[in-house]
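Here's a quick briefing to read alongside the coordinates. It covers salt bridges, a helix pair and a surface patch.

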Amino acid sequence: MKVAIINTTRKKYGGSIYESMISEALSSNFNVEFISAGVKSNGLLRYFEAPLVFWRLYKTKNLKNFDVAIKNFEASIFLSKKPTKNISLIHHIDSSSRSFLMKLIYDLIEKRVLKNIKNFDRVVVVSQYWKEYLNKKGIDRISIIYPPSDLNDFKFTDEELEEFKQRYNLIGKPIIYIGNCRKDKGVVESYNSLKNLEVYLVTSGDRQVKIPAINLSLKYKDYLKLLKVSSVAVCMSKFKEGWNKTVQEAMLCKTPVVGSGLGGMKELLEGGKQIICNDFGLLQDRVKYLLDNPDIRKQMGEDGYNFAKQFTIERFKNDWLNLINRINHER
C-alpha cells in the first residue's frame, strides 16, 4: 500500500514534526512518500509563490498511484479522487496571531477546508478540544491521535545537567523557561510579567521577537536538558493550540508548567494537574508561588510525568496503523 503525506511547510516544529512521526510509524508497513506543496522561496518572494502553491495542491486531486493521502490543514482544500482515501490532519484552526492580510487569506482557506473535509474518509485531530470543535461544525468521522514522545529521550545524569548549566552560565539562580521566542507564544508578555524576579528567563529557537531574555538555539537533546534544569516552564500561547508539545516535554522532564490553556493545551494541563493561567497579570504570582514551594513543584512534576508518559511512540504507531487499515477496508 502506498501512502502520501502532503504538507505545506518547511518549518521544523509543531505539525511538521508530527507528520515526520507519522512517516516513521507507517514506513515499516507501507510505502510512504512526502509531497511538499508549500512555499520554496524566502523573503518577499514567498508571497509571489502563492499561485504555485495553489497549483501544487490542485494537482493532488489526482494521486492515482497512492492508496491513502494524509493532508495537513491547507492541503485539505482539495479532495483526491477515488479510489484514493483521504485523511485530513488538523492540529489547530486559529489565524488570530497572523497579519491582517494573512488572516483574511486563512479565513477563506478555513471556510473551504471545513466544507471540504465533510467528504474526507477521516479527520485526525490531536486533542479532544478540536474534535468537539469540528463536531459542532457538523463534521464526524474524527479520530484523536495524540502527539507521542520517546521516553528514552528524557533520561539524563546529574553530570549532564550540571555540565549544561555550566556551559550556558545558568548557575546560582532558578531558571524559568518562557517558551519558543515567538510573539504568538506570549514570550513578550511573559518576560514583562516575570522580569523583576531573581531568575534566569530563557527562550529557545530562532529569535523572532526581541526581548532581553536569554535565547538559546539548541539541538533537541540540549533543549530537553533546558526544560529539565528549569524550575518552571511557562507556556503562555496567545492562540488556540492543537496540543502543545513543549508542555508535554516539560511534563516528561518532571518540570511544573504554568500555561494559558488555550485550545487543546487545556486538556494536557488539566490531565497533568498543572497550573492554568489565563491572565498575564497573574503570571508572576503563579510562578513565584511555585518557586517558594519546592514540595508542590515536586508533586506537580510527578503528576505531569504520570499523565504525559502514556503518549508513547508505540501507542502512536498502533493508532495510525489501525486507522489506515480500517479506512482501507471501508467502502
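A salt bridge here is a side-chain nitrogen of Lys or Arg within 4 Å of a carboxyl oxygen of Asp or Glu. Keep in mind that this is a predicted model. By that criterion, the structure holds eleven salt bridges.

**Salt bridges**
- Lys165 pairs with Glu162 through their side chains, at 4.0 Å from N to O.
- Both partners sit in helix 6 (residues 158–167), three residues apart, or about one turn of the helix.
- Lys165 is partly exposed at 24% relative accessibility, and Glu162 is partly exposed as well, at 36%.
- Arg182 and Asp184 make another salt bridge, this one at 2.8 Å, N to O.
- Arg182 is buried at 11% relative accessibility, and Asp184 is buried at 16%.
- Glu241 bridges to Lys185, with the closest N and O atoms 2.7 Å apart.
- That pair ties together distant parts of the chain, 56 residues apart: Glu241 is in the loop between strand 10 and helix 9, and Lys185 is in the loop between strand 7 and helix 7.
- Glu241 is buried, with a relative accessible area of 6%, and Lys185 counts as buried at 15%.
- There's also a network: Glu163, Arg167, Asp222 and Lys225 are joined by salt bridges that share partners.

**Helix packing**
- The axes of helix 11 (residues 283–292) and helix 12 (residues 294–308) come within 5 Å and cross at roughly 100°, so the two helices are roughly perpendicular.
- Residues in contact include Tyr289 and Leu290 from helix 11, and Ile296 and Met300 from helix 12.

**Surface patch**
- Phe54, Trp55 and Tyr58 make a nonpolar surface patch of about 340 Å².
- Tyr58 belongs to helix 3 (residues 50–59) and is partly exposed, at 35% relative accessible area.

Note on methods. Residues numbered from 1 in each chain as written. Predicted model: local features only at pLDDT ≥ 70, side-chain atom pairs only at ≥ 80, totals over all residues. Heavy atoms only, no water. Patch = residues over 30% accessible without salt bridge, like charges linked within 9 Å, V, L, I, M, F, W, Y side chains within 5 Å. Areas by Shrake-Rupley, 256 points an atom, 1.4 Å probe, with all protein chains shown as cover. Helix = DSSP H or I, 4+ residues; strand = E, 2+ residues; numbered from the N terminus. Buried < 20%, exposed > 50% of the residue type's maximum accessible area, 1.4 Å probe, protein only. Axes fitted to C-alpha atoms, helices over the stretch in contact; angles between N-to-C directions. Parallel < 35°, antiparallel > 145°, perpendicular 65-115°, else oblique. Contact = heavy atoms within 4.5 Å.
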